[in-house]
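I opened the model today to look up a few points. My notes follow the order in which I checked them.

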Amino acid sequence: MSEREPEAVWGALADAKLAALVDLARAKSPFHRERLGAAPVLTRADLVKLPVLDKDAWMAASPPRSTAALTRRLAGAYVFRTGGSTGDPKFSVFSTGEFRAFVKYFKRTYQAAGLRPTDRVANLFACGSLYASFIFVNRMLEATGCLNFPFTTATEPAAVARHVKLFGINTLVGFPSWLLQVADALEAEGVGVEKIFYAGEHLYPDERRHLAERLGARVIASAGYAAVDAGMVGYQCEAAGPGAVHHVLADHAHLELLDPQTWQPAAEGLVVVTNLDRRLQPVIRYNVGDLARHVPGDCACGRTAPRFELLHRGDDALRIGFATLTYTEVVAALAGLPVGAVQLQRERLDRKDRLTLRVETREAIAPAAVVRALEAAKPDLAKLLASGYLHPLAVEFLPPGGIPRLPVSGKLRRVVDLAGL
Ligand SMILES: [Zn+2]
């Protein structure tokens with residue numbers, strides 16, 4: 001399908017896929033039959049009649065616990081791990097046919113972002129431990145025709161840098177946290193790259209600047225807004241600008257933004273996704289947990305698919321006392337200080353919350369300077385701290401790379417909620 005077709009063309013395709021998916025889920029999956037009821041679903045507008053998917057109930061009805069959320073026997077399929085690295089592992093299953101079909105959507109999103117068959121690409125996504133990202137991207141690079149360097153996150157950044165130099169690798173793809181580590185090694189080796197495509201985490205403006213300055217990259221783009229459960233939801237085009245504006249991948253995923261209080265459609269709200277092509281384990285009205293806003297008007301690129309701007313990842317926010325603190329707010333508050341990666345941690349001690357900021361820096365900074373900067377930017381938090389409602393804010397300084405990254409993925413957990421486990 002061409003993304004420049006009139007809305008009626010891809011809209012009719014999306015509606016037909018949706019109606020068939022709901023029929024299949026009702027006919028074959030006991031879990032969905034019960035939750036979806038009998039309301040007719042013929043178009044995307046009918047989705048509001050269906051309940052939002054409850055994540056815990058869905059996982060309880062999914063493998064390995066149950067097959068009630070599946071539409072057929074579990075065979076001829078991939079099992080991927082989904083969700084965080086803590087607590088109970090959760091799994092998403094894709095039939096082999098779905099896996100192959102989804103590669104074409106990856107190909108389309110990477111091409112919209114600027115990947116070309118002539119590119120020499122370091123694939124730095126995570127492989128192993130049932131991670132989906134590397135193997136999807138590996139197949140996408142094959143399908144695109146690129147020169148493919150399958151590093152994964154298991155290759156030391158210094159070794160990646162040496163190969164970038166040896167082979168003239170011009171493109172990096174990976175998770176932002178790992179790309180930032182590799183970028184330091186490339187800088188040390190004295191090499192840059194032309195293009196960087198990221199996925200799996202938000203790339204914050206200071207990190208984007210850091211990558212652009214260190215590596216001289218002229219294209220730094222989201223390779224798509226995707227999650228294992230929801231699939232590929234959105235992509236950036238050449239007119240996206242430096243922010244987090246994406247087009248919906250409208251013939252593959254339907255995106256709704258819902259008010260978190262009323263669960264009604266809103267201009268800005270929680271991202272709720274229906275994947276139109278996941279048929280083995282249907283994903284119908286799935287709350288991804290991220291926040292976004294609709295972007296009105298036509299895009300300069302000529303594509304007709306609706307646009308949204310990702311505001312922050314749901315797992316990048318912390319409830320502290322009765323204030324909400326996001327990673328974005330902390331990074332913005334500390335923008336005047338010479339800090340690198342930051343991690344927010346909440347714990348519960350003697351019935352009070354304690355917030356710890358872990359800050360990577362090469363320089364000596366007074367903890368009070370960090371506290372002052374955050375309090376100035378977050379008066380509601382300052383008030384809670386002053387009232388004794390919270391433990392005093394704790395600040396820990398570490399050298400660059402000092403905050404432990406997650407094994408295999410190399411991702412930085414930006415927000416750690418020890419009280420919420
Ligand atoms: Zn566009």
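I looked up His294 and found that it counts as partly exposed, because its relative accessibility is 36%; buried means under 20% relative accessible area, exposed over 50%, and partly exposed in between (1.4 Å probe, protein chains only). The model is predicted, so I noted that local features need pLDDT of at least 70, side-chain atom pairs count only at pLDDT 80 or more, and totals for chains, interfaces and linings use all residues. Residues are numbered from 1 along each chain as its sequence is written, and side-chain values use heavy atoms, with hydrogens and water left out.

His294 sits in strand S13, residues 286-295 (strands are DSSP runs of E, at least two residues, and helices runs of H or I, at least four, numbered from the N terminus). Setting aside neighbours within four places in sequence, I listed its contacts as Leu255, Leu257, Ala266, Ala267, Arg307 and Phe308 (contact means heavy atoms within 4.5 Å). Leu257 is 37 residues from His294 in sequence, and their C-alpha atoms are 7.7 Å apart.

Next I checked cysteines. Cys299 counts as buried because its relative accessibility is 10%, and Cys301 counts as buried at 11%. How many disulfides does a search of the whole structure find? I got 0 (a disulfide is a pair of cysteine sulfur atoms within 2.5 Å).

Last, I looked at helix H4 (residues 96-113) and helix H5 (residues 133-144), whose axes come within 8 Å and cross at roughly 70 degrees (axes are lines fitted to C-alpha atoms, for helices over the stretch in contact, with angles from 0 to 180 degrees between N-to-C directions). H4 and H5 are therefore roughly perpendicular (65 to 115 degrees).

Conventions. Angles under 35 degrees count as roughly parallel, over 145 as roughly antiparallel, 65 to 115 as roughly perpendicular and the rest as oblique.
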